[in-house]
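Here is a quick tour of a chain, helix by helix and then residue by residue. Have a look at the model first, and keep it open while you read.

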Amino acid sequence: MPPTKGEESAGPQSRMEDMEMDGEAVSTDLSEILKEGTKESHDRAENTQFVKEFLKGKIRRELFELGTVALYFTYSALEEEMDKNAEHPGFAPLYFPLELHRKDALAKDLEYFFGEDWQDQIKCSEATAKYVERIHHVGEHEPELLAAHAYTRYMGDLSGGQVLKKVAQRALHLPSNGEGVQFYTFDNISNPARFKQLYRSRLNTLETSRETKERIVEEANRAFRFNMEVFEELDKFGKTLGEVVQASGVPLHDGKGDARKCPFYAAKGNGEIGCPLHSVMAMVQSCPFQLVLAALLALTAGWYLL
């Protein structure tokens, strides 16, 4: 569950002050402050039903596809703002477009799932739109907080995301050449562990005040909540799906139901409802149970593994 307002008010500042009052040494490194300040979010993410089910391989293709849609809009916004602020002193050391940018990889995944006209089939959902709006606000008005969104997303992708890639390929029977999971493939990072060390060291070089560091931690926790809201939205949609049962006993969507209940559907020009899920299911006759998240859950599992 997302943190309550009371928990938010405690915030990283209160925890740091408590440590100081207890005589504990408090690191001034932003990477350590972020790790400590988002620990509760790590724990919540680890214990969500989404993570537990996903890591068991109980994943569902159609929700995975919609999760990829949400990621596309999220990374499009994030990388647009990162490009705009590439030389901002509060973010410049973290700008690694060749190594990290995911938008183009996600576009390849969407083309694999939806075909060449994938852009006509997708729409930004309500929960994703709120996340995107916040990213654009930060990029325009508080660019020093972009570090929180970049850290939360990319470090997760390089950590638990690599595990989830294998789970998704196995559970969804995706091609071994990486089609459908290009999002997880970082061609320009040969050693993810070393790159994460470099990224953390760059975080520590940011010239930020204590107050700004606390704001970055708060923003990172806010990013967790935005992602959790997207998960919840996908979960609610998943519960509206009709089900059939294959020989293995795993429930599968039958392609029926009201497409308007899908937060990602796009209305076609002729008035026909064009939900990516229903378009896909017209062609796909089988898919594993409960898939949200290989993409979005890369973040969740990655948070815990950081």
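This is a predicted model: local features need pLDDT of at least 70, side-chain atom pairs count only at pLDDT 80 or more; totals for chains, interfaces and linings use all residues.

Residues are numbered from 1 along each chain as its sequence is written, and side-chain values use heavy atoms, with hydrogens and water left out.

The chain has 15 helices and 4 strands; helices (H or I, at least four residues) and strands (E, at least two) are DSSP runs, numbered from the N terminus. Of its 306 residues, 55% count as buried, where buried means under 20% relative accessible area, exposed over 50%, and partly exposed in between (1.4 Å probe, protein chains only). Among contacts with a separation of 6 or more, 82% come from residues 24 or more positions apart, a contact being heavy atoms within 4.5 Å.

## H9 against H13

Axes here are lines fitted to C-alpha atoms, for helices over the stretch in contact, and angles run from 0 to 180 degrees between N-to-C directions. The axes of H9 (residues 126-141) and H13 come within 8 Å and cross at roughly 160°, so H9 and H13 are roughly antiparallel to each other. The crossing is left-handed, as the term goes when the near helix is turned anticlockwise from the far one by less than a right angle (right-handed if clockwise).

On the H9 side, the residues that meet H13 include Tyr131, Arg134 and Val138; on the H13 side, Arg222, Phe226 and Glu233 are among them. The contact divides into 6 nonpolar, 2 polar and 7 charged residues.

## H5 against H7

H5 (residues 61-84) and H7 (residues 103-114) pack at about 150°, with their axes 9 Å apart, so this pair is roughly antiparallel. The crossing of H5 and H7 is left-handed. H5 brings residues including Phe64, Tyr72 and Tyr75, and H7 brings Leu106, Leu110 and Phe113 among others. The tally for this contact is 11 nonpolar, 2 polar and 5 charged.

## H10 against H11

What about H10 (residues 146-158) and H11 (residues 160-172)? Their axes are 3 Å apart at an angle of about 55°, so the two helices are oblique to each other. Gly156, Asp157 and Leu158 of H10 touch Gly160, Gly161 and Gln162 of H11, a set with 1 nonpolar, 4 polar and 1 charged residue.

## Residues worth a click

In H2 (residues 30-37), the buried residues are Leu30, Ser31, Ile33, Leu34 and Gly37. Seen down the axis of H2, they fall within an arc of 165°, so they line one face of the helix; the arc is that of the directions from the helix axis to the C-beta atoms. Ser31 also sits 9.9 Å from Thr205, C-alpha to C-alpha, though 174 residues separate them in sequence. Thr205 itself is in the loop between H12 (192-203) and H13 (210-238) and is partly exposed at 45%.

Phe224 lies in H13 and is buried, at 4% relative accessibility. Its C-alpha is 8.8 Å from that of His42, 182 residues away in sequence. Finally, His173 is in the loop between H11 and H12 and is exposed, with a relative accessible area of 69%. The phi of His173 is near 55°, a positive value in a residue other than glycine.

Notes. Angles under 35 degrees count as roughly parallel, over 145 as roughly antiparallel, 65 to 115 as roughly perpendicular and the rest as oblique. Ala, Val, Leu, Ile, Met, Phe, Trp, Tyr, Cys and Pro count as nonpolar, Asp, Glu, Lys and Arg as charged, and the others, Gly among them, as polar.
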